[in-house]
Amino acid sequence: MRVIKVENYNEVSERAAAMIASQVILQPDCVLGLATGSTPIGTYKKLIQWYNEGKVDFSEVMSINLDEYIGLDGSSEQSYRYFMNHNLFEHININIAKTFVPDGMAKNGEEACSLYDERIKNAGGIDLQLLGIGNNGHIGFNEPSDCFLECTHIVELEESTIAANARFFRSEEEVPKAAITMGMGGIMRAKKVLLIANGAQKAAIIKKAMEGPVTPKIPASILQLHSDCTIIYSEE
Ligand code: PGA
């Protein structure tokens, strides 16, 4: 595992974007695993900038996102589909039909989960998975639990996650209580993993996840077992 500590958020974003851009340049038809949240926004801005400068071409890329809220459809501004369209996809030349986000509106949740795993498998797995980390150590919405769950699943969000994400909603009551998330299998089978984080609170959970025991109580600790994982963070 490579742990790269940098000075500030801008450097986190620039280095992460450089890794993603390199992946796309070396393998134009790669499968990118993408993430939402505040942290990746700077990374996506850099990628948009480099696309506009003609440095990177996303026309053959497929993307598979980590998660989605249950009960929000893509037209809802708080949905992760909307986030991805708005913060990245609409600004680059990716084929929108090749961008996948779990379906938070599926009538049959279990079926939606197995279809998502099939989608990942049929794509040949993920080449580079971008991750943020929650204050509780979650990756995707794999919340602290008694076991690591391999497959895409529906999860009840922790109070701390609901509180942390309330900033994107008008009130905490509006935050969905459940989400559909890629499981640890999809993440751990990615050929490369890139986790980004910013701020003192995140530095503390990264230290726990990387230096403490591998335990589902700190979901990101499973990344200690990944053979090609890079963490880029700043304490700023
Ligand atoms: P954040 O979220 O980037 O908004 O801090 C990260 C996460 O919860 O995975």
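In what order do the 7 strands of the open sheet stand? In this predicted model, whose residues are numbered from 1 along each chain as its sequence is written, local features need pLDDT of at least 70, side-chain atom pairs count only at pLDDT 80 or more, and totals for chains, interfaces and linings use all residues. Side-chain values use heavy atoms, with hydrogens and water left out.

The order is E1-E10-E9-E6-E2-E3-E5, with parallel pairing; strands are DSSP runs of E with at least two residues, numbered from the N terminus, and two of them pair if DSSP finds at least two bridges between them. Strand E1 (2–6) and strand E5 (99–100) each have a single partner strand, so they stand at the edges and one side of each is left without a neighbour in the sheet. Strand E6 (residues 128–131) runs parallel to strand E9 (residues 192–198) and is joined to it by 4 bridges, with leucine 128 opposite lysine 192 in E9.

Among the polar contacts (pairs of N or O atoms within 3.5 Å), an oxygen atom of the ligand lies 2.4 Å from a side-chain N or O atom of threonine 39, and an oxygen atom of the ligand lies 2.7 Å from a side-chain N or O atom of histidine 138. At serine 38, a backbone N or O atom is 2.8 Å from an oxygen atom of the ligand.

Notes
Polar contact = N/O pair within 3.5 Å; in protein donor to acceptor, adjacent residues only side chain to side chain.
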